Amino acid sequence: MKTPPPPQLPSGATPPRQPSRRAMLTALTASAATAVPLLGAAPADAVPSRHGDLLYIGTWAQGQVHAVRFDADRGAMTPLGPVAEVSSNWLTVHPTRPVLYVAGGEQTGFVRAFRINDDSGALRQVGEIETETVPASSGGLAYIGLTADSKALLVAHFGAGSAATVLVGADGGLDGVASRVLDTGSGPHPRQLGPHAHHMVIDPSRRFALVADFGADRVFVYDYDRTSHRLSAGADGPGAFATAPGSGPRRLAFHPDGRTVYLLNELTADLQVLRWDARRSTLTSRQTLTTNAPDHLGPTSAAELAISHDGRHVYTSNRGENTLVVHATDPASGRLTQVQRLPCSGDTPWSFSLHPGGRWMFVANEASDTVNLFRVAPGSGRLTDTGTSVAVPHPDCIGFRTPHVPGRHVPGRG
């Protein structure tokens with residue numbers, strides 16, 4: 001989530017810089033006007049090459065996108081520096097086209113498309129669109145992600161409490177807003193005065209869209225038309241699964257079995273196992289686990305969620321404790337058993353991404369200004385800190401462009 005106040009930190013930790021709302025909006029306006037390639041931003045010894053993947057990294061409230069070249073065989077990261085000056089609350093990469101989509105923090109919810117130069121990593125803006133016609137409260141977009149067919153972007157607008165779909169052309173360009181729906185409700189926490197859509201996924205039947213709403217303590221279930229990519233609430237409004245008051249739903253992920261959904265709640269830092277009934281479009285609770293350590297004291301704040309490609313492991317990050325937590329899944333029930341808890345090698349693990357090859361995890365430690373590399377053990381799914389990192393100012397999201405073998409993984413987002 002990309003809105004003030006900042007995430008709660010452990011006692012004694014140094015909070016990240018947080019500009020005033022006026023300063024932030026001024027910076028956003030300036031960055032929108034200068035969303036151009038920064039071809040001279042790469043270090044002198046970073047020779048442009050098509051060898052290896054490109055990592056694109058958003059920066060919270062810094063108005064930049066950074067790039068890193070990654071050699072998956074050696075586990076080596078080469079920073080290329082900032083490649084665009086643009087508000088970057090969240091980003092995602094097209095799975096087959098050299099296109100990067102960046103979600104902004106402006107109140108009207110800008111989505112911008114950039115053409116990727118695979119040789120240098122440079123970006124060239126090729127389109128932009130506003131997802132809200134009327135400015136909403138501060139916060140902007142919390143999430144964007146592509147549908148399975150890559151013909152639409154799913155957009156969660158935190159400030160407006162709305163979810164939208166944006167059509168994507170055959171060349172990866174933005175073709176207009178297809179639909180927009182508005183969540184309703186609030187919660188008991190001071191940050192839950194109204195709805196705040198935080199994440200959206202499409203169910204495996206491709207008939208429903210599930211929206212995790214941080215402010216309403218709900219997972220809303222909207223009808224989804226797979227042809228037009230339109231969302232609709234129906235005559236009686238959307239269906240909804242209610243979480244505990246003050247929990248703050250943040251991330252959703254479907255297990256490959258299509259019947260199990262994992263839900264991460266930010267404010268209570270717990271992880272729920274839900275059963276999805278596509279025939280009735282309903283969710284029911286099966287299990288709830290805390291991501292906090294047994295001796296945890298102080299504030300709680302969970303952030304990211306992802307499932308391994310084989311569905312055997314679920315990963316979460318805990319910003320209150322600066323940890324990563326690994327769970328094993330039961331193949332029959334989808335229920336979880338914790339198998340590992342380890343430090344994230346930095347402060348405030350805002351997000352992480354599993355590499356498409358499944359061997360690596362990249363952790364965006366926002367408050368310590370680093371992206372840290374972890375090795376994923378085959379079979380056990382356990383993580384090992386490699387000690388390798390790159391410096392990026394306030395990283396908040398990581399996307400992959402694999403020039404030779406197109407593919408991507410969007411954590412916890414289907």
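In the predicted model, W60 and W350 are both buried. The two residues belong to a set of eight aromatic pairs. Their ring centres lie 5.8 Å apart and their planes meet at 35 degrees, so the pair is classed as tilted; the edge-to-face class would need planes over 60 degrees apart. W60 is found in the loop between β1 (53-59) and β2 (65-71), whereas W350 is part of strand β25 (residues 349-354), so the contact ties together parts of the chain that are 290 residues apart in sequence.

W350 also takes part in a contact with a charged side chain. The charged end of R319 sits over the W350 ring, at 4.9 Å from its centre. A charge is likewise placed at F110, where R112 lies over the face of the ring, 4.4 Å from the ring centre.

A further aromatic pair is formed by F254 and W276. With ring centres 6.2 Å apart and planes at 85 degrees, the pair is edge-to-face, because planes over 60 degrees apart fall in that class. F254 lies in strand β17 (residues 249-254) and W276 in strand β19 (residues 270-277), so this pair ties together parts that are 22 residues apart in sequence. F254 and W276 are both buried.

Ring pairs also join into a cluster, whose members are F70, W360, F362 and F400.

Definitions and conventions:
Residues numbered from 1 in each chain as written. Predicted model: local features only at pLDDT ≥ 70, side-chain atom pairs only at ≥ 80, totals over all residues. Heavy atoms only, no water. Phe/Tyr/Trp six-rings, centres within 6.5 Å; stacked < 30°, edge-to-face > 60°. Helix = DSSP H or I, 4+ residues; strand = E, 2+ residues; numbered from the N terminus. Buried < 20%, exposed > 50% of the residue type's maximum accessible area, 1.4 Å probe, protein only. Lys NZ or Arg CZ within 6 Å of the ring centre and 35° of its normal.
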